[in-house]
Amino acid sequence: MHELSITQSMLDIVLERAKESGARKVGAINLVIGELSGFVEESVRFYFDFLAKNTIAEGAALNFKPVSPRARCRSCDQPFELGELYWSCPQCGGSDIEITAGKELFIESIDIE
Ligand SMILES: [Zn+2]
């Protein structure tokens, strides 16, 4: 049910921005979704269709832009891309890492009409 609440807040933001811009209709919503965020595109789409009914965002296209997970080593400060096999630093082999990208889900932009 995680996607339901996040989709609701996303829709609230979209409707608010659209209203501020005097939009009659929302054509598309461009979302950035981290591969580690745990959000499933299909679920977000499903809830969106359901929640957006009878709003100006009904029928809007959802475009997802995936973000690859990245991390930074706390020992040597090396930034690197997290792969399935790389959960330790490629430079010093340390495992004290900080995830710097890949957990996000946010609205990059919306297209209004
Ligand atoms: Zn390191």
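Leaving aside neighbours within four places in sequence, Gln 78 is in contact (heavy atoms within 4.5 Å) with Ala 71, Arg 72, Cys 73, Cys 89 and Gln 91. The structure is a predicted model in which local features need pLDDT of at least 70 and side-chain atom pairs count only at pLDDT 80 or more, whereas totals for chains, interfaces and linings use all residues. Residues are numbered from 1 along each chain as its sequence is written, and side-chain values use heavy atoms, with hydrogens and water left out. Gln 78 is found in the loop between β3 and β4, strands being DSSP runs (E, at least two residues) and helices likewise (H or I, at least four), numbered from the N terminus. Gln 78 counts as partly exposed because its relative accessibility is 24%; buried denotes under 20% relative accessible area, exposed over 50%, and partly exposed the range in between (1.4 Å probe, protein chains only).

The ion is coordinated by the SG atoms of Cys 73, Cys 76, Cys 89 and Cys 92 at 2.3 to 2.4 Å, where donors are N, O and S atoms within 2.8 Å of the metal (3.2 Å for Na, K and Ca); water is not among the atoms, so sites may look incomplete. The spacing of the donor residues in sequence is C-x2-C-x12-C-x2-C. Cys 73, at 0% relative accessibility, counts as buried, as does Cys 89 at 4%.

Strands β4, β3 and β5 form, in that order, an open sheet with antiparallel pairing; two strands pair if DSSP finds at least two bridges between them. Each of β4 and β5 stands at an edge with a single partner strand, so one side of each is left without a neighbour in the sheet. Between β3 and β4 the antiparallel pairing extends over three bridges, and Ala 71 stands opposite Phe 80 in β4.

The loop between β3 and β4 also contains Asp 77, a residue other than glycine whose phi is positive, near 70 degrees. Asp 77 counts as partly exposed at 49% relative accessibility.
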